[in-house]
Amino acid sequence: MIKFDDVSKHYAGGQAALSRVSFEIARGEMVFVTGHSGAGKSTLLKLILAMEKSSAGQVLVNGSNLNRLPRKKIPYHRRDIGAVFQDHQLLFDRSVADNVALPLQIAGFHPQETRRRVRAALDKVGLLNKEKLFPERLSGGEQQRVGIARAVVNRPQIILADEPTGNLDPELSADVMKVFEQFKSVGVSLVLASHDLSLVKQLKYRTLTLSEGKLIRDGRS
Amino acid sequence: MTRTSQGHSRQKRPQTSALEKLFWQHRVVARDSLQRLLRSPLATAVTVAVIAIALLLPALLLLFQQNLGSGIAELDRSARISVYLEAGLSDAEAQEVGNHLQTWDGLLSVELISSSQALAAFSENAGLGEVLASLAENPLPATLLLVPDSADLQQLEALQAELEALPEVAVVELDRAWIARLQAIRNAVNVLGQALLIFVLLGLFAIIGNTIRLAIENRRQEIRVQKLVGATDGYIARPFLYTGFLLGSAGGVTACLLLLMLWLLLGASSRELAALYNSGFELSSLSPLSTLGLVLLGGGTGWVSALISSYRNIAAIDP
């Protein structure tokens, strides 16, 4: 589903965010990416989402080579990916429900179907009672869960999450992980970046450990 | 945390026809664009007013030219040809020439002013009675006043040539200088109107394009997020295209209303003026077709300038 083949990424300043990273993630596989901040976790996610292009090596997602993906095709590539951002990337001028509905509106779903799916997604993250509120009225953890609902609402083939449990207490973290596991069980591939090592260790999933842009460990914790 | 893994397969999406989908998507976007414009009424009103005034200039020239045209046509109907006969002709001979001309095509009326009538009128009007009376012979020729049924300059010139070919005719005076002058003015106004229209369109591109650029700048974060969840540039541009179209159309409608106002204001005084010239001239307003054209011109210009501006500015936002 996702394949990194000897991928390096240098930024204009010269420092290497990723250097010669190779791995493969299968359909229905859930993988953690850990490492200190600045180790290259976010860069890795950005490459999969086609927000950045690799400086060397190939990134293959769902069979297509992102280095050769024309600009016009990028939106369609992103529609197959549900992304949870560390800074949530919510829109503060519209309600929680409208935020979650955004990917469906863009994909052209009928308003009725959109409403049904938005409610289902909000229910999954336990925010159904807050659908009419505006994001600024929500706590950091709640905003994060709105971001998760938005990422899963379009039933993507791939889910990327940057610190998805960063602002959540252990109980909510476990709930969110359950949601991710449900998606894994229906064949969705998940890549979760987290420096919450206790959570990572506890869950016993395959873990990619990055350090200064290099992949130093690939295995079960 | 209910509703778990049911229906994850992509085939279960309800199928609506592409046309239906496009229709309600556009309806939602159009309404949203309108609401956004109405949410900042002052800024919208100023933009619409600027567009309206810009559109008003070429529309006014068009109207001026149109009225000048109908004014010329009105005046043409009272065009005269003066035919001065040879000096030696007697009144009876002059009458004969007049009778002959009555049989010609293309003449509405033929009026004879005999040399004695001309002398009487001349001495009365010019106060030269004594001087003229002292002359042994009447120096004035008989004159035929012709009213042609055509106002076309070429036809009139052909008629003039035919008249001059008659042996009894000394000089044919076609009072065409002013017709030619008016037509030249009309042509100049026409060219001016077209040039102005081009300048106005360029100005509108700048005004609307800049409005759209600012709107995009204000919604930068939203566009970033839209791009991250898979929106195409076309999808993002759609509300801005509606904004441009709505602003332009509203400008067109306002320009039409301003024109109507001017027409009502000027109508009375123009009728007075026409009455002074014994003319049935009526100040004409824009036809319904031209009104529609003006609105569509505004809307179309708004749409095109939004298209150019939004694609450039949206492509520049990279998540």
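**View 1. Helix H6 of chain A on the sheet in the predicted model.** Helix H6 spans residues 170–185 of chain A and lies across strands S3, S7 and S8 of that chain. Its direction is at about 150° to S8(A).

**View 2. The open sheet of 6 strands in chain A.** The strand order is S6-S7-S8-S3-S9-S10, and the pairing is mixed. At the edges stand S6 (81–84) and S10 (214–220) of chain A; each has a single partner strand, so one side of each lacks a neighbour in the sheet. On average, neighbouring strands of this sheet are turned by 15° against each other, direction ignored.

**View 3. Pairing of strands S3 and S9 in chain A.** Strand S3 (residues 30–34) and strand S9 (residues 206–211) of chain A run parallel and are joined by 4 bridges. A:Val33 has A:Leu208, in S9(A), as its bridge partner.

**View 4. The contact between chain A and chain B.** Chain A contributes 24 residues to the contact and chain B contributes 20 residues. On the chain A side, the elements that give two or more residues are helices H2 (74–79), H3 (96–107), H4 (111–124) and H6. By class, this side of chain A has 10 nonpolar, 6 polar and 8 charged residues. Helix H6 of chain A, one of the elements listed here, also lies across S3, S7 and S8 of chain A.

Methods: Residues are numbered from 1 along each chain as its sequence is written. Chains are lettered from A and ligands numbered from 1 in the order in which they are written. This is a predicted model: local features need pLDDT of at least 70, side-chain atom pairs count only at pLDDT 80 or more; totals for chains, interfaces and linings use all residues. Two strands pair if DSSP finds at least two bridges between them. Axes are lines fitted to C-alpha atoms, for helices over the stretch in contact, and angles run from 0 to 180 degrees between N-to-C directions. Two residues are in contact if their C-beta atoms, placed from the backbone, lie within 7 Å. Ala, Val, Leu, Ile, Met, Phe, Trp, Tyr, Cys and Pro count as nonpolar, Asp, Glu, Lys and Arg as charged, and the others, Gly among them, as polar.
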